[in-house]
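User: I have a model open and would like to go through some of its details with you. Could we take it piece by piece?

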Amino acid sequence: MDFRLLGPFEVWDEGEKIALPRRQERLLLAVLLLRRGETMTVAELIDLVWPEHPPANARGALQVYFSRLRKALPGVQIVGSSAGYGIEVPPDSVDVELFRADIRAAGKDPAAKSELLRQALERWRGPALADVTTEADRLRLTAGLEEERRTALEDRIEADLEAGREVADELATLVAEDPLRERLVVAWMTALYRAGRKQDALAAYTQLAARLADEHGLDPAPVLRRLHLAILRDDPALQQHRKPAAEETVPRELPVDISLLVGRDDLLADGAKVLTAGDRDQAAVFCLFGAAGVGKSAAATKLAHQVAAEFPDGQLFARLQDVNGEAVPARTLLGRMLRSLGVQPRSVPDETAERAAMFQELTADKAILVLLDDAIDAGIVTALLPTGPATAAIVTSRKQLSGLAAAAHEQVQPLDSATSQDLLTNLIGRHLRDQATLAEITAECVGLPLALRIVGSRLALSGDDALQTLAGALAEDDQRLDSLVAGDLAVRTSLNRSLTLADPVARQLLARLSLVGVTEFSSWVAAPLLDCDEPTGEHTFDRLVELGLVELVSGRRYRMHSLVRSYAGEQLAAAGDPDQPRGRYLDAVHRAVAIADQHLNHGMALALYLQVPEKLELPQVEAAVLKDPGGWLDESWPLVSAASRTAIAAGRVEQAAAFGLHLNGYFMMRGLDEVRIDLLEAIASALAETGPLELYVRIKIAVVPAYHPTAGELVQGGEKWLALAEQAGSLELQAHALFQISTGARHLGELDRDREVCLRALAILEQIDGPRSLRSTIMKNLGQNYDERYEYVESERWYRQAMALSPTGSYGQLMLMKLLSEVLLDQGKLDEAEQILTEALSGLQEMSNLYYAGQTICLLARVAFRRKQFAVGRDLLDKVRPLLPEQTDPQLEISIGYAEIDLAMESGAYGKGRRLRHDLIQLGIEQGDERLQNEMRYWLAADPRDPLNRG
């Protein structure tokens with residue numbers, strides 16, 4: 001079998017091309033082949049297939065896709081384990097490996113090397129994986145491979161040059177396609193010069209230098225500059241360097257220019273416009289402010305160098321904080337600047353005011369630029385500003401200096417992800433193979449140039465060898481800042497300087513925010529953390545925002561990136577025992593999520609017996625929860641989930657379980673199965689060690705539906721939880737476990753057992769006056785039981801009883817409406833069925849539950865088909881089909897199948913209807929669903945619309 005990745009993705013077997021029509025399966029197979037011999041984690045694969053919005057059960061979807069691949073390619077060994085997935089195929093079956101083998105075989109002889117490299121390059125049929133995924137994702141996946149191709153091409157060109165071959169014309173085309181590929185330009189200039197085209201070679205250099213300067217603010221690489229000089233050496237005098245100029249009599253104190261600055265073009269243009277504007281009567285002042293490490297000083301230095309020529313009388317520089325973050329006195333700084341302007345030591349005044357007056361007098365008629373870095377407040381800056389209309393100043397600060405009213409202020413923002421990646425790649429100076437890990441590292445730097453420069457300097461020395469270790473350290477809160485140190489550069493030091501500007505309460509809040517555990521949160525969290533009211537907490541947030549330690553997202557929501565969170569954790573550890581603020585915070589979260597759960601109307605019973613903490617003085621957050629509990633949870637569930645893990649770490653496991661149970665109904669309504677599993681299983685693991693048993697069983701029963709278990713797994717698990725519920729002495733949990741058993745039994749076709757178990761559960765609930773919502777759910781199972789027996793009147797009776805017990809408009813009631821309408825459909829009560837389905841669909845769409853909304857639309861399509869409204873029904877199904885590839889639970893596929901059967905039978909396509917029923921029987925066999933198999937076999941023999949069943 002041959003796999004071709006270098007171009008459109010193809011699989012060939014003995015001369016025949018194998019069709020793999022599904023995009024997801026083609027993509028997964030291609031990526032495993034790219035990483036042949038490695039194991040890709042499930043997280044990597046999920047991010048690959050669904051980069052933005054993974055489905056609720058993405059892990060299950062991967063299992064389905066890999067199962068289909070194994071069926072389509074029986075000779076290919078796809079290995080799955082808890083660690084992930086990998087593929088085992090011979091190296092010579094993959095064109096990528098053959099391409100690399102040709103490159104490895106290339107020796108040192110130029111002519112032979114050129115031929116082998118040419119052979120390797122001929123294996124490319126176009127862009128790698130050209131038809132597998134979007135162009136953006138294709139570039140992300142094949143960046144390393146494409147770089148190997150370009151490198152092989154450059155190696156081949158250089159081998160041709162060494163062999164004396166003419167390649168100037170070919171290089172002209174290649175350089176036109178990629179004009180900033182400096183190695184190609186070197187080869188082109190060399191080829192042109194050897195061909196006697198010296199002026200063309202020099203012109204090639206000039207064009208590249210201009211483009212680098214205009215588009216990137218960079219100079220050509222040293223190798224290009226040396227080549228340029230070598231070409232110019234026709235005149236021996238050009239080999240000599242100019243002697244240094246005489247010592248300057250004006251100050252030139254700017255720090256060394258930043259050689260590589262990206263993503264700041266607009267900011268530099270704005271600054272240059274302010275600093276060089278004419279017709280002004282006072283000094284121009286441009287203030288750059290922003291968070292620690294965001295690159296204010298680098299941008300200011302680059303800007304100062306760009307406009308330095310406009311200030312021929314000199315450029316002065318002063319750093320306004322010392323190495324410990326303490327403010328340098330204005331008197332000291334003025335003394336240094338006066339000396340730089342030529343004032344003799346004995347002539348420098350002693351008092352600060354007199355020094356400031358002399359500085360203003362000396363700069364009144366000069367064209368001088370002053371760069372003031374790391375200002376703390378406006379007062380000290382005012383004393384250091386020049387006064388003449390031809391002067392200017394650039395100021396950097398952690399916060400906006402509102403006292404400089406006449407200045408232009410601009411905030412320096414973190415770099416976006418693409419610009420961060422470009423900067424890091426340029427800082428490393430070479431291509432690294434593991435681009436995925438490099439992207440993870442880039443993300444951990446959160447767009448801060450300081451962090452990116454530290455990482456870049458480390459990886460420039462170690463390359464791929466250090467990638468995994470560095471990525472692992474950056475992913476851990478307690479190791480992150482230790483990893484961001486290189487020489488005298490350290491993110492922690494930069495943050496220390498910001499914290500010195502904060503008042504004690506703001507410092508306390510920053511430290512305690514590490515207890516929140518998420519990067520984005522609302523202002524109310526400050527109240528329990530500081531033991532204050534909500535307005536006071538919000539005002540404290542404002543002070544952290546001023547210092548760039550916390551970012552205001554919108555309204556009362558704030559963001560604290562991971563580097564500051566790690567720093568905050570260190571401050572909390574240094575401050576001592578956080579038990580009291582942590583306890584207050586967890587209690588506040590507990591009350592808020594309990595209120596949200598109580599008003600969410602999902603109809604689930606597992607959290608009914610939990611106690612809600614006493615009322616806390618947080619009226620704003622409670623009002624927000626009551627106004628829109630679903631919206632509050634949409635925004636806050638990550639915070640609540642993190643609080644649960646914090647509670648586990650603090651030994652408050654029962655409170656963690658309360659968080660999980662209060663989130664369970666919300667997770668179910670939103671289809672967030674992955675996060676539901678992750679959280680509830682973490683809680684269950686903690687409870688397994690500490691107890692109580694009753695709470696452990698409650699959590700395990702809650703998590704079961706998120707796995708979409710098979711019928712056999714439902715029965716087996718239900719029996720286990722029943723035994724443990726009996727051991728814990730909880731009749732209510734016994735009823736929950738019996739409900740699980742009944743569901744599994746029905747899908748296994750064991751209808752008598754299903755009914756017996758349901759009636760037993762109802763008897764238990766009657767005995768203890770159990771929750772209405774649980775009784776409703778069990779009655780729903782009885783309705784489904786009688787539906788399976790085709791006793792529609794009895795089924796309808798149970799469904800209506802269940803609906804009467806279910807809260808109006810709740811998720812549980814909407815599910816019952818869908819089931820009732822199906823029974824009405826089977827009885828021919830089309831008008832009533834349509835009315836109920838329309839109401840249910842509206843509620844499900846409001847809850848954003850597209851999965852069950854899709855099943856409801858399928859039922860509406862069946863109503864239309866029964867009425868011979870075929871166009872209407874087809875339009876409805878067309879709305880559902882796009883949801884199918886993202887679902888791993890087969891129920892939506894089954895619902896579409898039922899509707900297609902109705903379409904076939906009502907339109908007279910009886911043979912197609914029979915085939916569709918056989919397809920569903922096969923699906924039932926694959927899924928172990930006896931109920932589906934039995935129902936399809938029944939209707940094959942009993943459908944009165946089928947001519948084979950008449951007479």
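This is a predicted model: local features need pLDDT of at least 70, side-chain atom pairs count only at pLDDT 80 or more; totals for chains, interfaces and linings use all residues.

User: What is the peptide bond from Gly691 to Pro692 like, cis or trans?

Analyst: The bond from Gly691 to Pro692 is cis, and its omega is near 5°. As background, most peptide bonds are trans.

User: OK, and on backbone angles, what is the phi of Val446?

Analyst: Phi of Val446 is near 45°, which is a positive value in a residue other than glycine. In general, most residues other than glycine have a negative phi.

User: Where is Val446 found?

Analyst: Val446 lies in a loop as well, the one between helix H17 (435–444) and helix H18 (449–462).

User: Switching to helix packing, at what angle do H28 and H29 cross?

Analyst: Helix H28 (residues 629–649) and helix H29 (residues 653–670) cross at roughly 150°, and their axes come within 9 Å. That angle is over 145°, the cut-off for roughly antiparallel, so H28 is roughly antiparallel to H29. The crossing is left-handed.

User: Which residues make that contact?

Analyst: From H28 the contact takes Gly630, Leu633, Asp634, Trp637, Val640, Ser641, Ala643, Ser644, Ala647 and Ile648, while H29 contributes Val653, Ala656, Phe659, Leu663, Tyr666, Phe667 and Arg670. Sorted by class, the residues of the contact of H28 with H29 comprise 12 nonpolar, three polar and two charged.

User: And how far apart are the axes of H36 and H37?

Analyst: The axes of helix H36 (residues 792–805) and helix H37 (residues 811–826) are 10 Å apart, and the two helices pack at an angle of about 160°. H36 is therefore roughly antiparallel to H37, and the crossing of H36 and H37 is left-handed.

User: What is in the contact there?

Analyst: On the H36 side there are Tyr792, Ser795, Glu796, Tyr799, Arg800, Ala802 and Met803, and on the H37 side Gln813, Leu816, Met817, Leu819, Leu820, Val823, Leu824 and Asp826. The residues of the contact of H36 with H37 fall into 10 nonpolar, two polar and three charged.

User: What about H13 and H14, at what angle do they cross?

Analyst: Helix H13 (residues 330–340) and helix H14 (residues 352–363) cross at roughly 35°, with axes that come within 9 Å, and their crossing is left-handed. Ala330, Arg331, Thr332, Leu334, Gly335, Met337 and Leu338 of H13 meet Thr352, Arg355, Ala356, Met358, Phe359 and Leu362 of H14. The contact of H13 with H14 has eight nonpolar, three polar and two charged residues.

User: New topic: how many cavities of 30 Å³ or more does the structure hold?

Analyst: There are three cavities of 30 Å³ or more, and the largest cavity has a volume of about 40 Å³.

User: Which residues line the largest cavity?

Analyst: Its lining is made up of His602, Met604, Ala605, Leu606, Ala607, Leu661, Asn664 and Gly665. By class, the lining of the largest cavity has five nonpolar, three polar and no charged residues.

User: Last one, what does Leu940 touch?

Analyst: Leu940 is in helix H43 (residues 930–942), and, leaving out residues up to four places away in sequence, Leu940 touches Arg914, Arg917, His918, Ile921 and Asn949.

User: And how far is Leu940 from Ala130 in space?

Analyst: Leu940 and Ala130 are 45 Å apart in space, C-alpha to C-alpha, and 810 residues apart in sequence.

Conventions
Residues are numbered from 1 along each chain as its sequence is written. Side-chain values use heavy atoms; hydrogens and water are left out. Axes are lines fitted to C-alpha atoms, for helices over the stretch in contact, and angles run from 0 to 180 degrees between N-to-C directions. Helices (H or I, at least four residues) and strands (E, at least two) are DSSP runs, numbered from the N terminus. Angles under 35 degrees count as roughly parallel, over 145 as roughly antiparallel, 65 to 115 as roughly perpendicular and the rest as oblique. A crossing is left-handed if the near helix is turned anticlockwise from the far one by less than a right angle, and right-handed if clockwise. Contact means heavy atoms within 4.5 Å. Ala, Val, Leu, Ile, Met, Phe, Trp, Tyr, Cys and Pro count as nonpolar, Asp, Glu, Lys and Arg as charged, and the others, Gly among them, as polar. On a 1 Å grid over the protein atoms alone, a cavity is a set of points where a 1.4 Å probe fits but cannot get out, and a pocket is an open set with protein on both sides within 12 Å along at least five of seven lines; lining residues have an atom within 4 Å of a point. Grid points are joined across faces, edges and corners, and a volume is the space filled by probe spheres set on the points.
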